[in-house]
Amino acid sequence: MKIAILSRNRRLYSTRRLVEAARARGHAPQVIDVLRCYMNIEPLKPEIHFRGKRLKAFDAVVPRIGASVTFYGTAVVRQFEMMGVYCVNGSVAITRARDKLRALQLLARRGIGLPTTGFAHSPDDTADLIRLVGNAPMVIKLVEGTQGQGMVLAETNEAAASVIDAFRGLDAYFLAQAFVKEAEGSDIRCFVVGNQVVAAMQRTARPGEFRSNLHRGGSAVAVKITAEERRTAIRASRIMGLQVAGVDILRAKQGPAVMEVNASPGLEGIESATGVDIASHIITHLETEVMSGRQRDQGG
Ligand code: ADP
Ligand code: MG
């Protein structure tokens with residue numbers, strides 16, 4: 001198959017691994033920087049151009065869309081969809097997952113466990129918003145933050161109120177979320193491919209830090225997850241409409257609490273923590289899907 005890997009940088013670990021795994025299985029991968037794509041939007045004749053040439057037919061696309069290029073990146077994915085190319089994660093699914101508020105609303109509707117979360121733009125009554133979430137300690141996060149950026153742990157209601165005021169001043173959308181203390185700075189990243197959790201790791205924040213993201217210095221080990229956690233991760237990805245997803249789960253008193261579903265989860269941390277060849281799982285999944293002629297989420 002001709003496989004397009006949409007990535008800004010061919011030297012990134014995840015990109016290299018996908019190229020390697022595709023080649024090892026006899027495919028022809030090409031790394032395409034979405035920001036260098038340009039497109040025509042003509043009735044019935046969608047095309048994508050890249051570096052002065054029209055892109056030839058691909059059989060499948062693996063989008064790896066970084067947070068900073070969501071808008072244009074999903075437009076390029078959508079253009080592939082318009083051309084009838086199979087995209088393992090569709091543009092609509094990526095957009096759903098990237099917006100933490102939209103994602104949590106969709107998950108809540110289907111009964112997925114979440115930390116108690118409030119959402120506001122410019123609340124007149126900050127104290128009531130804080131009460132709604134169950135008082136401090138609470139985490140206040142920007143709706144489009146990633147890699148642990150754009151969030152604060154407020155230990156007291158006063159601290160929470162001043163962070164909320166600051167975010168309000170920035171005119172930013174944010175979530176206020178109950179802090180799941182009993183998770184003790186750890187969370188579980190489940191890597192889902194198709195209908196399977198192919199690997200899971202427990203990430204633990206470094207001392208003095210509550211965010212377990214590896215980009216924030218967290219450490220990772222392979223972990224055995226419970227049947228309930230497995231079910232939750234698979235359902236959460238399915239609700240987002242993602243075939244490849246990294247589902248972040250806190251072990252809360254009342255059971256698994258999903259914080260977010262990542263549409264372009266990194267491979268490096270989890271492959272090295274678990275020894276699982278995730279890149280090959282993704283490529284074999286592509287083969288099955290393309291072979292069965294499946295098309296999802298046609299970019300509507
Ligand atoms: P990001 O997109 O930046 O990764 P997350 O919502 O996944 O945002 O949060 C980053 C990390 O912060 C999580 O992996 C977790 O360790 C910690 N964290 C986030 N929200 C909570 C919470 N409500 N309770 C406890 N820890 C949290
Ligand atoms: Mg996360």
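Let me start with burial: I call a residue buried under 20% relative accessible area, exposed over 50%, and partly exposed in between, using a 1.4 Å probe and protein chains only. By that scale Lys-2 is partly exposed, because its relative accessible area is 28%.

Before we go on, some housekeeping. This is a predicted model, so local features need pLDDT of at least 70 and side-chain atom pairs count only at pLDDT 80 or more, while totals for chains, interfaces and linings use all residues. Residues are numbered from 1 along each chain as its sequence is written, chains are lettered from A and ligands numbered from 1 in the order in which they are written, and side-chain values use heavy atoms, with hydrogens and water left out.

Back to Lys-2, then. Lys-2 belongs to strand β1, residues 2-6; helices (H or I, at least four residues) and strands (E, at least two) are DSSP runs, numbered from the N terminus. Leaving aside neighbours within four places in sequence, Lys-2 is in contact (heavy atoms within 4.5 Å) with Ala-28, Gln-30, Lys-56, Ala-57, Phe-58, Asp-59 and Ala-60. From Lys-2 to Arg-131, C-alpha to C-alpha, it is 53 Å in space and 129 residues in sequence.

Asp-248 sits in strand β15 (residues 244-252) and Glu-260 in strand β16 (residues 255-262), so the pair ties together parts that are twelve residues apart in sequence. Asp-248 counts as buried because its relative accessibility is 3%. Glu-260 is buried too, with a relative accessible area of 17%.

Is Arg-203 buried or exposed? At 5% relative accessibility, Arg-203 counts as buried. Not counting residues up to four places away in sequence, Arg-203 touches several others, including Gly-185, Ser-212, Asn-213 and Ala-220.

Met-201 is in strand β13 as well. Met-201 is buried, with a relative accessible area of 3%. Its C-alpha is separated by 6.1 Å from that of Ala-220, 19 residues apart along the chain. Among the residues that Met-201 touches, beyond four places in sequence, are Asp-187, Leu-214, Val-221 and Ile-270.

On to ligand 1. There are 23 residues around ligand 1, and Lys-100, Lys-141, Gly-148, Asp-187 and Asn-213 come nearest; a residue is near a molecule or strand if one of its heavy atoms lies within 4 Å of it. A nitrogen atom of ligand 1 is 3.1 Å from a side-chain N or O atom of Gln-177. For Ala-178, a backbone N or O atom lies 2.9 Å from a nitrogen atom of ligand 1. With Ser-212, an oxygen atom of ligand 1 is 2.9 Å from a side-chain N or O atom.

Last stop, helix α6, residues 157-169. What length should we expect? The expected span of a helix is 1.5 Å times one less than its number of residues. For the 13 residues of α6 that gives 18 Å, and the end C-alpha atoms are 18 Å apart, which agrees. Its buried residues include Ala-160, Val-163, Ile-164 and Phe-167. They cover an arc of only 100 degrees around the axis, which puts them on the same side of α6; the arc is that of the directions from the helix axis to the C-beta atoms. The face turned away from that buried side carries the exposed residues Glu-158 and Gly-169. The cover over the buried residues of α6 includes α5 (126-133), β9 (138-142), β10 (151-154) and β11 (174-178). After α6 comes Asp-171, with a positive phi near 60 degrees.

Thanks, everyone!

Notes. A polar contact is a pair of N or O atoms within 3.5 Å; within protein, one must be able to donate a hydrogen and the other to accept it, and residues adjacent in sequence count only if both atoms are side-chain atoms.
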